[in-house]
Structures are given as C-alpha cells and as structure tokens.
Amino acid sequence: MSNSQLRIVIPGGSGQMGQLLARHFHEQGHRVSVLTRGPSTAPWETVYWDGETIGDWTDTLEGADVCINLTGRTVNCRGTKKNREQMYNSRIRSTELLGDVISQLSEPPRLWMNASTATIYQHSYDQPMDELTGIIGETPDKPFMWHFSVQLAQDWEKAVYKTPTPRTRKILLRTSLLFGPHPGSVFAVMLGLVRARLGGHVGNGRQYVSWIHENDYARAVEFLIEHEELDGPINLAAPEPLTNRDFMRAFRTAWGRGLPVNGLPTPTPLLELGALFLRTESELVLKSRRVVPTRLLDAGYKFEYSDWPTAVNDLVRQWRAAEH
Ligand SMILES: NC(=O)c1ccc[n+]([C@@H]2O[C@H](COP(=O)([O-])OP(=O)(O)OC[C@H]3O[C@@H](n4cnc5c(N)ncnc54)[C@H](OP(=O)(O)O)[C@@H]3O)[C@@H](O)[C@H]2O)c1
C-alpha cells in the first residue's frame, strides 16, 4: 500500500493498543477512525458501535484502506463463567460481524488485521513457536483456563475466515505481551512489584516470557500494511523471548536505585492466592510462551528492540522522564 494518506478504521481502538496505533498513524497524517461503545473527544474521529449489531458505523468502513480490529473484553480477570462468556462473545461476535459487513461493502478495506494472541501456542520451555512449525493447542495436563484461552484464540482466528472477503487481505496479529511505559499498563504493574522489592521470579521462573516493545508493535503493524505479499498469522513478538527469571532480573537491574540483585520470588501457591486476591488468573504469568517472529524477520522487518534488557532500560528511562 502506498504511503499516501490512508483511511484506517480501528474497532475496539480505545484501549491500550488502539490508542497507540491511533496516535502512531494520526501523527503520520493518516485519517484514523476508532469504533467504540463510548465515543469521546480525541485527536482522531471516534464513532459509536456496539460490537454486535449493524449500524451507521458501517459507513466508516466503506472505502477505508485498513481495518484493525482490537475488540475484546480484557482477559485480566478471574475465569468465572460470566467473564468467560464476555471474553469469548466480545471477540467472536465482533469479528464475525466485521466479516459480514466487509463482505457486503461496495468498496471494502484492502486489508483487515484482526487481533489474536501468542497464547494460541502450546506451553513450551524448549521449542520456539513460530507461525510455520509452532504447535497450536494445549497439552492435556494443563488447567482448564489454559485450554479455554487457546480454544478462544482458535475460534477467534476461525471467525476471521468465516465469511469470504475476496477483495480484502487478512492478517491475524498473534501478539505477545505489549510493553509501554504508561500508568495502568503491564509495565506499570510489574514496576510496582519491582519497586516494592517483590520483583523476583514467579513460579519456578523457567517459563518463557514473550514480549514486544510498543514502538515495535506500531512499526510492525505499519510494515504489515506496506507489505502486501503478507497475509495469515503473524507473530508480533520480539525475537528474543527469555525466562521469567532472566526477565525479572533485567527489570530489577534496569530500575537500579540500590535494589538487591535478588527480588523476592513468588512461588506458585502464593501466586494462586495473589491471583485470587487480584481477581485475575495465574495462567497469564505461569504459561511458558516461547514465541518468535519468523515471518516478520523473513520479510525483512528490523526490530528496534530485540532484547529485553535494552527494551526495559528504555521503558524505565521514559517512565522516569515522564515523572509518573
Ligand atoms: N495488550 C496485550 O499485551 C495483548 C496481547 C495479545 C493480545 N491482545 C489482544 O489485543 C486486543 C487489544 O488489546 P488492548 O490491550 O488494547 O485491550 P484493551 O485495552 O482492553 O482494549 C480493548 C477494547 O475492546 C473494547 N471492548 C471491551 N469489551 C468489549 C465488549 N464486551 N464489547 C465490545 N467491545 C469491547 C473496548 O472498547 P470500548 O469500551 O471503547 O468499546 C476496549 O477499548 C484485545 O483483544 C487483546 O485480547 C492484547
């Protein structure tokens, strides 16, 4: 796609990733529209939709260049039946709805990217998971929520292909944990633990963490827009995942300020208790996600942040500069 002004529509674009992409493309002079259940004042257009039914919002997609669907109730919650239904329905229904609408437009977007997740791959300590050889699914001995997350991811991806959209290229964004230096982010939560001297490894510390710096997330999405030969699943993860133990050590070193080299570790039983207290699920930190971005690298994408120590140093520097 050429670099002239693009019309980019982002359903579910009011959250962490959506705001990042909206700002990135808006600053480049592209025309951005966010579809949201709560339109508000923003430097870009925000348009009402409910993520479930057809409405006036479909006009926004007519003649657009790119649709990037990020809709989904947060997975950072307890896996109760009600929460599971909301996690599932918000993703599958909105994706199927977009497929129906895009298939009926007279001038559909040339590219539809849909959020997916690096969680789709099996828990793995030794085998790196890429788009070509990675194992989709979970081993039978894992807890129920691990299977639920993988099943949801698979159904989410299937929903993108449910309705044929022959004039629209489709990309599945299998994204790892996104790190940006903002209040309320995963980075901020982890930094809070590190500063409280609780930032040791979690569980046995051998599980891999797949991560991506927010600059690379936005630049990689831009790269995917430009590279029309790419479609299907794309892993959005830095090329160097590392164990939770090394990940937390680099985090503590980056923060510095006289912190002891060893943070207080969180053993699995304590983590389960903490997760219950924080209304979340331990799977988010105990599952080993060893996901690598083979297709992006093969296509020539150059990561700004390949290794975690450099990335976390930058995040800490930005956090301090913003004086949060
Ligand atoms: N952040 C990560 O590290 C990460 C990693 C892998 C995958 N992902 C996936 O990428 C997507 C975007 O992530 P994010 O971090 O930007 O998430 P987020 O901050 O939670 O934003 C998701 C957006 O979805 C919309 N939404 C939530 N519940 C909804 C519902 N029931 N019906 C319709 N819309 C609903 C919300 O928009 P309104 O309230 O404005 O309507 C919200 O702004 C998510 O689907 C997430 O699962 C994220």
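## A tour of a predicted fold

S149 is a residue of helix α4, which covers residues 144-162, and it makes a handy starting point for looking around this predicted model. The C-alpha atoms of S149 and L284 are separated by 10.0 Å, although the two residues are 135 apart along the chain.

Another residue worth a visit is E131, in the loop between β5 and α4. E131 has 19 other C-beta atoms within 10 Å and is therefore partly exposed. Setting aside neighbours within four places in sequence, the contacts of E131 are P233, I234, N235, T294 and R295. The table puts the two C-alpha separations side by side.

| C-alpha pair | Separation along the chain | C-alpha distance |
|---|---|---|
| S149 and L284 | 135 residues | 10.0 Å |
| E131 and Y121 | ten residues | 9.4 Å |

Now for the chain as a whole. There are eleven helices and eleven strands. A compact globule of 324 residues would have a radius of gyration near 20 Å, and the chain agrees with this, having 20 Å. Along the principal axes, the C-alpha atoms fill a box of roughly 60 × 45 × 40 Å. Of the 324 residues, 42% are buried. If you take the contacts between residues at least 6 apart in sequence, 77% of them join residues at least 24 apart.

The largest nonpolar core holds 75 residues, and I10, C67 and I68 have the most contacts inside it. Not counting residues up to four places away in sequence, C67 touches V9, L61, L98, I102, P109 and W112.

Next comes the sheet. In general, strands of a sheet pair through backbone hydrogen bonds, either parallel or antiparallel. Here seven strands make an open sheet with parallel pairing, in the order β3-β2-β1-β4-β5-β6-β10. The edges are β3 (45-48) and β10 (232-236); each has a single partner strand, so one side of each is left without a neighbour in the sheet. On average, neighbouring strands of this sheet are turned by 25 degrees against each other, direction ignored.

Two of the strand pairings can be followed residue by residue. Strand β2 (residues 31-36) pairs with β3 in the parallel sense over four bridges, and V34 stands opposite T46 in β3. Strand β5 (residues 111-117) pairs with β6, also in the parallel sense, over seven bridges. There, W112 has K170 of β6 as its bridge partner; W112 is also among the residues that C67 touches. Strand β6 (residues 169-175) is largely enclosed by the rest of the structure, because five of its seven residues are buried.

The helices complete the picture. Helix α1 (residues 16-27) lies across β1 (7-11), β2 and β4 (66-69), and runs at about 160 degrees to β2. Elsewhere, helix α5 (residues 186-195) packs with helix α7 (residues 244-255) at an angle of about 75 degrees, their axes being 10 Å apart. The two helices α5 and α7 are therefore roughly perpendicular to each other. On the α5 side the contact is made by M190, L191, V194 and R195, and on the α7 side by F251, R252 and W255.

Definitions and conventions:
Residues numbered from 1 in each chain as written. Predicted model: local features only at pLDDT ≥ 70, side-chain atom pairs only at ≥ 80, totals over all residues. Rg over C-alpha atoms; globule rule 2.2 N^0.38 Å. Buried ≥ 20, exposed ≤ 12 C-beta atoms within 10 Å, placed from the backbone. Contact = placed C-beta atoms within 7 Å. Core = buried A, V, L, I, M, F, W, Y, C linked by C-beta atoms within 7 Å. Pairing = 2+ DSSP bridges. Axes fitted to C-alpha atoms, helices over the stretch in contact; angles between N-to-C directions. Parallel < 35°, antiparallel > 145°, perpendicular 65-115°, else oblique.
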